[in-house]
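This report walks through selected local features of one protein model.

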Amino acid sequence: IYKNIDSLLSSRYFGKFLSDFAQILPLGGLKKNILLTKKEIANNKIQLSSYPYKGVLNLTDACNQRCRFCEIHYIFQKYPKQYPNFIDLEILKKYYPLLAQMKFLDFYGTTGEPLLSPFFPDVIRFLKSKNPEIYLLVNTNGSFLTEINIKTMVEVGFDEVVISFHAATEKTYQDLVGGNYQKLIDNIRKLAGRRGNKKKPLIGLTFALNKINAQDALFYPGLAKKLSVDYIHLNHYYHVRNQLSEDVSFYF
C-alpha cells in the first residue's frame with residue numbers, strides 16, 4: 001500500500017477505505033489530509049475537517065499577448081480599465097494558512113500570464129520553502145521564461161511548466177497567437193537545457209486543435225522532440241468571443 005499510495009490517492013473509494021487507517025500509515029500530513037478529504041466527500045459531509053489539497057492561484061490579471069482566439073479581447077473591451085492585481089509575498093503570506101495543506105497548486109488565470117508577475121520567483125521560492133512536498137505547475141505563453149524565472153524554478157525544484165504553443169510553424173503561430181516565435185523556441189530550449197539531467201521541471205506543450213492549425217498537428221510531435229520537452233497535450237479548441245471572424249472549432 002505504501003509504495004502505491006500516490007496512485008491510490010486519486011481514487012475516491014480507496015481514499016474512503018484508506019483514510020480509516022491513515023493514522024497508522026507512514027504518511028506525511030499532506031497525504032493524510034487528502035485521504036481525509038476523500039473520506040468526507042465519499043460520505044457526503046457538508047462540514048469538513050479536512051482542507052483543500054488542490055487549488056489554482058492567479059498571480060495577475062495582466063497579459064502581454066493578445067491571442068486571436070482568446071476571450072481576452074471581449075473582456076478588455078467590456079472592461080477597458082484593467083489592473084494587473086499582482087500577488088506579492090505580503091499578500092501570499094497573509095493568506096498562506098489557506099494553502100498550507102495544498103498538495104497541488106496551479107498558476108494560471110483567464111486573462112493573466114503568471115510569469116508576467118515580477119513576484120513569481122519570490123512566490124515559488126516561498127511556497128517550496130514552506131512546503132517542499134507541494135506540486136507547483138504553471139501554464140504560460142512562454143514569453144517570460146526569463147533567466148531569473150528559469151534559474152529560480154530549477155533551484156527550488158519547480159514541478160511542471162505547461163507552455164501554450166498552438167502551432168508548429170511560425171506562420172500558424174502568427175495567425176493564432178502573434179508574438180515572437182523564435183524567442184519562444186529559444187526560451188523553451190533554454191529551460192530544457194538549464195534543468196540538465198534533473199527531472200524538474202517537467203515541460204509540456206499544449207495545442208488547441210482547430211481548423212487553422214490542424215495541418216500543424218502533424219508536425220507538432222516532431223517539434224516537441226527537437227525542443228526536448230516531456231509531453232504534448234492536444235485538446236479541442238472551442239469557440240469563445242474573440243477576434244476570429246468565424247468559428248474555427250471542429251465541434252459543430
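Asn85 is partly exposed, with 46% relative accessible area. Here buried means under 20% relative accessible area, exposed means over 50%, and partly exposed lies in between (1.4 Å probe, protein chains only). The model is a predicted one: local features need pLDDT of at least 70, side-chain atom pairs count only at pLDDT 80 or more, and totals for chains, interfaces and linings use all residues. Residues are numbered from 1 along each chain as its sequence is written, and side-chain values use heavy atoms, with hydrogens and water left out.

**Backbone geometry**

Asn85 is not a glycine, yet its phi is positive, at about 50°. The residue sits in the loop between α4 (72-78) and α5. Helices (H or I, at least four residues) and strands (E, at least two) are DSSP runs, numbered from the N terminus.

Asn44 also is a non-glycine residue with a positive phi, about 55°. Its loop runs between α3 (29-42) and β1 (54-56). Asn44 counts as exposed, because its relative accessibility is 61%. Why do such values deserve a mention? Most residues other than glycine have a negative phi, and most peptide bonds are trans.

The peptide bond that joins Lys200 and Pro201 is cis, with omega about -5°. Pro201 lies in the loop between α9 and β5 (202-209).

**Salt bridges**

How many salt bridges does the structure hold? There are eight. A salt bridge is a side-chain nitrogen of Lys or Arg within 4 Å of a carboxyl oxygen of Asp or Glu. The table lists some of them.

| Pair | N to O distance |
|---|---|
| Glu40 and Lys45 | 3.9 Å |
| Arg125 and Glu155 | 3.0 Å |
| Glu155 and Lys151 | 2.6 Å |

Take the pair of Glu40 and Lys45. Glu40 is buried, at 3% relative accessible area. Lys45 is partly exposed, at 43%.

Arg125 and Glu155 form a salt bridge. This pair ties together distant parts of the chain: Arg125 is in helix α6 (residues 120-130), Glu155 is in helix α7, and 30 residues separate them. Arg125 is partly exposed, with a relative accessible area of 38%. Glu155 counts as partly exposed too, at 44% relative accessibility.

Glu155 also meets Lys151 in a salt bridge. Both residues lie in helix α7, four residues apart, which is about one turn of the helix. Lys151 is partly exposed, given its 37% relative accessibility.

**Helix packing**

Helix α7 (residues 147-156) packs against helix α9 (residues 181-195). The angle is about 30°, and the axes are 10 Å apart. Therefore α7 is roughly parallel to α9. Angles under 35 degrees count as roughly parallel, over 145 as roughly antiparallel, 65 to 115 as roughly perpendicular, and the rest as oblique. Axes are lines fitted to C-alpha atoms, for helices over the stretch in contact, and angles run from 0 to 180 degrees between N-to-C directions.

Which hand does the crossing of α7 and α9 have? The crossing is right-handed. That term applies if the near helix is turned clockwise from the far one by less than a right angle, and left-handed applies if anticlockwise.

**Surface patch**

Ile91, Tyr95 and Leu98 form a nonpolar patch on the surface. Together they have about 300 Å² of accessible area. Areas come from the Shrake-Rupley method with a 1.4 Å probe; for residues, only the protein chains shown count as cover. Patches are made of residues with over 30% relative accessible area and no salt bridge; like charges are joined within 9 Å, and nonpolar side chains (Val, Leu, Ile, Met, Phe, Trp, Tyr) within 5 Å.

Leu98 belongs to the loop between α5 (89-95) and β2 (104-107). Is Leu98 buried or exposed? Leu98 counts as exposed, because its relative accessibility is 58%.

**Pairs apart in sequence**

Ile75 is in helix α4. Ile75 is partly exposed, at 23% relative accessibility.

Gln65 is in the loop between β1 and α4. Gln65 is buried, with 8% relative accessible area. Gln65 and Glu113 are 48 residues apart in sequence, while their C-alpha atoms are 8.5 Å apart in space.
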